[in-house]
Amino acid sequence: GPITGRDIAAGERLPAGYVEQILLRLRRAGLVNSTRGARGGYMLSRAPEDISVREVIAASEHATFDLHCVSHPVGEERCSEAQSCSIRPVWMLLQRKIDDVLESVHLGDLLVDERTVRQRVGLPVLTV
């Protein structure tokens, strides 16, 4: 059922206002629905298996990370006015790779323990 922003904040030890801001962004992006009233709160709008981590980040942060040289127009505090920046394609490739990984992981994948997630995404399983 629905869970309040305050309950999420308490469970994650985060400020309630911060959590509410994120939930508002997620609601605007259509990832969560909200209901009012005594039993109100927030619920996912789709099954956890159908929501990628990238969607959540895009809704809350707008981008994985800001490629300043790509996102700002020429003339606005760019690191280089030159059109032949050799590192720009590397940053763009890195952003694409990160986005691909985040798109391949869904909220449903995160509902299990770390060991299982490591196996699902192809990372070595840690032994303690």
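This is a predicted model: local features need pLDDT of at least 70, side-chain atom pairs count only at pLDDT 80 or more; totals for chains, interfaces and linings use all residues.
Which residues gather in a patch of positive charge on the surface?

Residues are numbered from 1 along each chain as its sequence is written, and side-chain values use heavy atoms, with hydrogens and water left out.

**View 1. A patch of positive charge on the surface is formed by R25, R27, R28 and R36.** Patches consist of residues with over 30% relative accessible area and no salt bridge, like charges being joined within 9 Å and nonpolar side chains (Val, Leu, Ile, Met, Phe, Trp, Tyr) within 5 Å. Lys and Arg count as positive and Asp and Glu as negative, while His and the chain ends are not counted. The place of a charge is taken as NZ of Lys, CZ of Arg, CG of Asp or CD of Glu. R36 lies in the loop between strand 1 (32–35) and strand 2 (41–44); helices (H or I, at least four residues) and strands (E, at least two) are DSSP runs, numbered from the N terminus. R36 counts as exposed because its relative accessibility is 85%; buried means under 20% relative accessible area, exposed over 50%, and partly exposed in between (1.4 Å probe, protein chains only).

**View 2. I87, V90, W91 and L94 form a nonpolar patch on the surface.** Together these residues have about 350 Å² of accessible area, a quantity from the Shrake-Rupley method with a 1.4 Å probe, where for residues only the protein chains shown count as cover. V90 belongs to helix 5 (residues 88–104) and, at 47% relative accessibility, is partly exposed.

**View 3. D99 and R54 form a salt bridge.** The term denotes a side-chain nitrogen of Lys or Arg within 4 Å of a carboxyl oxygen of Asp or Glu. In this pair the closest N and O atoms are 3.5 Å apart. D99 lies in helix 5 and R54 in helix 3 (residues 53–61), so the pair ties together parts that are 45 residues apart in sequence. D99 is buried, at 11% relative accessible area, whereas R54 is partly exposed, at 32%.

**View 4. R118 and E114 meet through their side chains in a salt bridge (3.0 Å, N to O).** R118 and E114 are separated by about one helical turn because they stand four residues apart in helix 6 (residues 114–121). R118 is buried at 19% relative accessibility, while E114 is exposed at 52%.
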